[in-house]
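Please walk me through this model.

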Amino acid sequence: MTEHPNDTAIREIDEAAAPIIALDAGERSTHPKRVYVKTYGCQMNVYDSQRMGDALAAEGYQPVDSAEDADLVLLNTCHIREKAAEKVYSELGRLRDMKQERRADGREFLIGVTGCVAQAEGSEIVRRQKAVDMVIGPQTYHRLGEAVRRARSGETVVETDFPAEDKFDHLPLAKPKVTRKRGVTAFLTVQEGCDKFCTFCVVPYTRGAEVSRPLARLVEEARGLTEAGVREITLLGQNVNAWHGEDETGASIGLGGLVRTLAQLPGLERLRYTTSHPRDMDDALIEAHRELPVLMPYLHLPVQSGSDRILKAMNRKHTAAQYRAVIDRIRAARPDIALSGDFIVGFPGETEEDFEATLQLVRDVTYAQAFSFKYSSRPGTPGAELDDQVPEGVKDERLQRLQALLTEQQIAFGRSKIGETMDILLEKPGRKPGQLIGRSPWLQSVVIDQPIGEIGDLVTVTITEAGPNSLFAVPASSHMDKKQVS
Ligand code: SAH
Ligand code: SF4
Ligand code: F3S
């Protein structure tokens, strides 16, 4: 079987998360307590991990990038598929052994489980793995400091209620100081939770109801980021385009209005948002794509299936035709927009004909990138109660066929950019000396070998080559020079 794509996504996020909270070596001291936060799952968890690191800094904890160096380990977990949740228990087994060794030496070692597994399983985690000191659900992170103090005094803490207060009002704002290693781009959670209740999905149970953070708070946090040198902000939410709030005059606005407000921030070159639901793509947001150059021409719009029968059983509340119509409207507003999507194969009752409808939708829409998953039955969701579960072998075979098509489209999209001149945002050094890696407007990784600028610069390049996962480029002017010479 081919590798499950979400495992790749999770690994990428793990790697991305570690350096964000790492301090420069010179800042380490031998005495302070040290915390290691390991992040699984989606970008919302990456953002939360950063906020938790900041909150623990106020408790005297310094971030480190391995469990071996830490006195406190937090696993910020994901419950979306069975594999993701099970990973946590194997990691906890490893941590238990470390804890026993530390305790034998008389040293402190605390283990906390946060994120969506914490919310879904609560005290069951402590029952299954007694070495765990804290279980803290995503809506109670502002109580983390207090929880750690209680755990240090020997209490086992389980906090999984949904308090009325907004946790973000009590957590430090995204602090560019500790994110400077990757200070060019930043995440900003604007919305949390989900009221949609797709029948396969745990998110409404693990993250609770849809909540939008207020505009003024978001502007303040975004301004702090741009003033510290962040050039690109990705707005996050489980249903980011369900965000709603009020502008300065008290008028109701949606994500389109938020994007319009943030677009005015000096120094902000690029805005993105993820993840969107097709039902919440309103006119104001589509107009923002037409009018605002700062809004990047890339949209992650999951559809899950191309079959109306399955979409209905999934409770997606839209048909395949409605999804296609939304795509048509977006493409009319922003013709160069690239699409990305999520797909599930083998939802209960999915026939070969249903699956063919998904393949057909993919052929018609064409995606620049996509994530596809085998349906994973999740306890407590209506999907888990359905008869007619699809055999594992059939799911494997469908996933392979779908991924072959999506990979073909991704490669074709990369190739279509060869010869094109575009701006890329330089984000980090490459593997080879002198090499830099930037991102295209379409979220592609672009490798450049010639001197062109500094990390954080927006530079103009011409694409010369396309590999399966990255593009290669030369400075736009040098390409022109070469052309003139030849
Ligand atoms: N809020 C987003 C997606 C959140 S979860 C949306 O509505 O589109 C990210 C993706 O994980 C989903 O889009 C779906 O493709 C996948 N997923 C969620 N639950 C799943 C399950 N039980 N089995 C397999 N894939 C699942
Ligand atoms: Fe899950 Fe559906 Fe909500 Fe997305 S919209 S988080 S898939 S329930
Ligand atoms: Fe996973 Fe929770 Fe995100 S279940 S995908 S970490 S919202």
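**Cysteines, ligand shells and cores**

Q: Between which two elements does the loop holding Cys201 run?
A: This model is predicted. Cys201 sits in a loop. The elements on either side of that loop are S8 and H8.

Q: Is Cys201 buried or exposed?
A: The cut-off for buried is under 20% relative accessible area. Cys201 has 13%, so the residue counts as buried.

Q: Which residues does Cys201 touch, not counting those up to four places away in sequence?
A: Sequence neighbours up to four places away are set aside here. That leaves Ile80 and Thr381.

Q: What is the relative accessible area of Cys198, and where is its place?
A: Cys198 is in the loop between strand S8 (191–192) and helix H8 (203–207). Beyond its neighbours within four places in sequence, Cys198 is in contact with Met314, Asn315 and Arg316. Cys198 is buried because its relative accessible area is 8%.

Q: Which residues does the UniProt annotation "binding site" cover?
A: The annotation comes from an unreviewed UniProt entry. Cys198 and Cys201 are among the residues around ligand 2 in the model. The record's "binding site" covers Cys194, Cys198 and Cys201.

Q: How many charged residues are in the shell around ligand 2?
A: The residues around ligand 2 include Lys196, Phe197, Asn239, His277 and Arg316. By class, seven are nonpolar and two are polar. The charged residues number two.

Q: How many charged residues does the shell around ligand 3 have?
A: Around ligand 3 lie Cys42, Asn45, Thr77, Cys78, His79, Ile80, Cys116, Arg207 and Gln238. Four are nonpolar and four are polar. The number of charged residues is one.

Q: Which residues have the most contacts inside the largest nonpolar core?
A: The largest nonpolar core has 58 residues. Helix H13 (residues 320–333) gives the largest share of this core, six residues. The residues with the most contacts inside the core are Leu235 and Tyr367.

Q: Why is helix H10 described as largely enclosed, and which of its residues are buried?
A: Helix H10 (residues 255–262) has eight residues, and six of them are buried, so the rest of the structure largely encloses the helix. The cover includes helix H9 (215–227), strand S10 (232–236), strand S12 (252–254), strand S13 (270–274) and helix H11 (283–291). Leu235 touches Leu255, Leu258, Val259 and Leu262, among others. The buried residues of H10 are Leu255, Gly256, Gly257, Leu258, Val259 and Leu262.

Q: Which residues does Gln129 contact, leaving aside neighbours within four places in sequence?
A: Gln129 lies in the loop between helix H5 (123–128) and strand S5 (134–136). Its relative accessible area is 10%, so Gln129 is buried. Its contacts are Leu92, Gly93 and Arg96.

Q: Is Gln100 buried or exposed?
A: Gln100 lies in helix H3 (residues 82–104). The cut-off for exposed is over 50%. At 52% relative accessibility, Gln100 therefore counts as exposed.

Q: How far apart in space are Gln100 and Ala131, C-alpha to C-alpha?
A: In sequence, Gln100 and Ala131 are 31 residues apart. In space, their C-alpha to C-alpha distance is 8.8 Å.

How values were computed: Residues numbered from 1 in each chain as written. Chains lettered and ligands numbered in written order. Predicted model: local features only at pLDDT ≥ 70, side-chain atom pairs only at ≥ 80, totals over all residues. Heavy atoms only, no water. Core = buried A, V, L, I, M, F, W, Y, C linked by side-chain atoms within 4.5 Å. Buried < 20%, exposed > 50% of the residue type's maximum accessible area, 1.4 Å probe, protein only. Helix = DSSP H or I, 4+ residues; strand = E, 2+ residues; numbered from the N terminus. Contact = heavy atoms within 4.5 Å. Near = heavy atom within 4 Å. Nonpolar A, V, L, I, M, F, W, Y, C, P; charged D, E, K, R; others polar. UniProt positions renumbered as here; feature names shortened; annotations may be inferred.
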